[in-house]
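Hi,

Here is the structure I promised to pass on.

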Amino acid sequence: MMVTTHAFVGLALASAVVAVAPEFAVAAAVGGAAGGIFPDLDLLAAHRKTLHFPVYYTGLAVPAVVGAAVAPSTTTVAAALFLVSAAVHSASDAFGGGLELKPWEGTSDRAVFLHPTKTWVRPRRWVRYDGSPEDFVLGALVSVPALVTFDGSIRTAVLAALLTSLVYTVLRKRIVEFAPEWME
């Protein structure tokens, strides 16, 4: 899935927090969006292995959520949302395509690495590939809670990310034509 889709999921989780604790709106939004984005910073390393930790993020998220519930602050709320969003991102990449440069070809059997078992989870391809039309639709739908909940710069960022997602979706298959040879 596109990094924007993952960020929108983090913002949707933040929207749920804001419904019960509006004073933490910015902390929740920043934590949720950052956690949704963070795992994909490994794109030029061993993608979906270096920063994708579905098991470990989940293990850290549980006590972080408890901590935020017991002692809510901007720091505990942002940390909890970051870890939950990173866990959801890492796990949900298994629902998309594999790691190949042209994931629409469906040749890879690697979606997400599970560090505890040192094995790869196979791609389910429910979202065929990042930037696919269904990825855009999913991202647009998941962005709705953030568009309803937040205003100002957060809403503007969501709208800009939606536009970026649309452009990426339109150009996705052409982008690989410009990929460096070492990526193939």
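Predicted model: local features only at pLDDT ≥ 70, side-chain atom pairs only at ≥ 80, totals over all residues.

Numbering starts from 1 along each chain as its sequence is written, and side-chain values use heavy atoms, without hydrogens or water.

Helix H3 covers residues 54–70 (helices are DSSP runs of H or I with at least four residues, strands runs of E with at least two, numbered from the N terminus). Its buried residues (under 20% relative accessible area; exposed is over 50%, partly exposed in between, with a 1.4 Å probe and protein chains only) are Pro54, Tyr57, Ala61, Ala64 and Ala68. They pack against helix H4 (74–92) and strand E1 (112–114), with contact meaning heavy atoms within 4.5 Å.

Now the rings. Rings of Phe, Tyr and Trp (its six-membered ring) pair if their centres lie within 6.5 Å; planes under 30 degrees apart are stacked, over 60 edge-to-face, the rest tilted. That gives six aromatic pairs. Phe53 and Tyr56 have ring centres 6.1 Å apart and planes at 35°, so they are tilted. Tyr56 is partly exposed at 42%. Phe95 and Trp126 sit 4.7 Å apart between ring centres with planes at 5°, so that pair is stacked. Phe95 is in the loop between H4 and E1, and Trp126 in the one between strand E2 (119–121) and helix H5 (133–149), so the pair ties together parts 31 residues apart in sequence.

Cheers

Key: Expected span 1.5 Å × (residues − 1).
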